[in-house]
Amino acid sequence: MTTTAPAVAALDTPERRYRMLRLIRSFEERALDLVRSGVITGGIHPYIGQEAVAVGVCAALRAGDRLASTHRGHGHVLARGLDPARLLAELAGRTGGSNRGRGGSMHAADLRLGILGANGIVGAGAPIAVGAAWADRQAGSDAVAVAFFGDGALNQGVL
Ligand SMILES: Cc1ncc(C[n+]2csc(CCOP(=O)(O)OP(=O)(O)O)c2C)c(N)n1
């Protein structure tokens, strides 16, 4: 099977950013419906109410930059350009998911988009992003790496 590398989400206009906000909200509402109906098992952490954080940060990123996400990561990966259908399939454990259905909500990743992964360990995205940034610097690249985290991560020594 040949696959074309996906493009990062274009968030360069207010309209595109607003559409992404709405997409994330709709995605989460749909995902919650699927949890309630049992299609998605194991639960999810929805990003409702935080959509603008992901969109604002990802609008400042360029192709080649990277991000490390959290346990509440759907908004981050969607704002970076992960196909919502592939993410939804991932949450449902389907083989068409972004990680072939093996990662699920808290391990959604796509290295082609610079998405280093959602992460069930609070605060764990920070050292991953630092490692990515250090690797880029060693390679002479000016790419940046972003770590998303919640206030609950602030007492983690690694952060
Ligand atoms: C290292 C670690 N400690 C504890 C937990 C259990 N845990 C899961 S979510 C969470 C709260 C995280 O709070 P915050 O980062 O503010 O995110 P929120 O869920 O409030 O959006 C905790 C303590 C964990 N996953 N990892």
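**Stop one: a helix and its ends**

Start by selecting D83 and A85: at the start of α4, a side-chain oxygen of D83 comes within 3.1 Å of the backbone nitrogen of A85. This counts as a polar contact, meaning a pair of N or O atoms within 3.5 Å, where within protein one must be able to donate a hydrogen and the other to accept it, and residues adjacent in sequence count only if both atoms are side-chain atoms. A word on what you're looking at: this is a predicted model, where local features need pLDDT of at least 70 and side-chain atom pairs count only at pLDDT 80 or more, while totals for chains, interfaces and linings use all residues. Residues are numbered from 1 along each chain as its sequence is written, and side-chain values use heavy atoms, with hydrogens and water left out.

Now extend the selection to residues 84-91, which is α4 itself. Helices here are DSSP runs (H or I, at least four residues) and strands likewise (E, at least two), numbered from the N terminus. Which residues of α4 are buried? They are L87, A89, E90 and L91, with buried meaning under 20% relative accessible area (1.4 Å probe, protein chains only). Show α1 (14-36) and α3 (74-80) as well: both are among the elements that cover the buried residues of α4. Then click on G93, which follows α4 and has a positive phi, near 75 degrees.

**Stop two: the ligand**

- R72: a polar side-chain atom is 2.8 Å from a ligand oxygen.
- V122: a backbone N or O atom is 3.1 Å from a ligand nitrogen.
- G152: a backbone N or O atom is 2.7 Å from a ligand oxygen.

On its own the ligand exposes 590 Å², and the protein buries 53% of that (Shrake-Rupley areas with a 1.4 Å probe; for residues, only the protein chains shown count as cover).

**Stop three: zoom out**

Finally, select the whole chain. How many helices and strands does the chain have? There are five helices and two strands, running α-α-β-α-α-α-β along the sequence. The C-alpha atoms fill a box of roughly 50 × 35 × 35 Å along the principal axes. Of the 159 residues, 36% are buried. The chain exposes about 8,700 Å², with carbon and sulfur atoms supplying 54% of it.

Terms used:
Buried < 20%, exposed > 50% of the residue type's maximum accessible area, 1.4 Å probe, protein only. Contact = heavy atoms within 4.5 Å.
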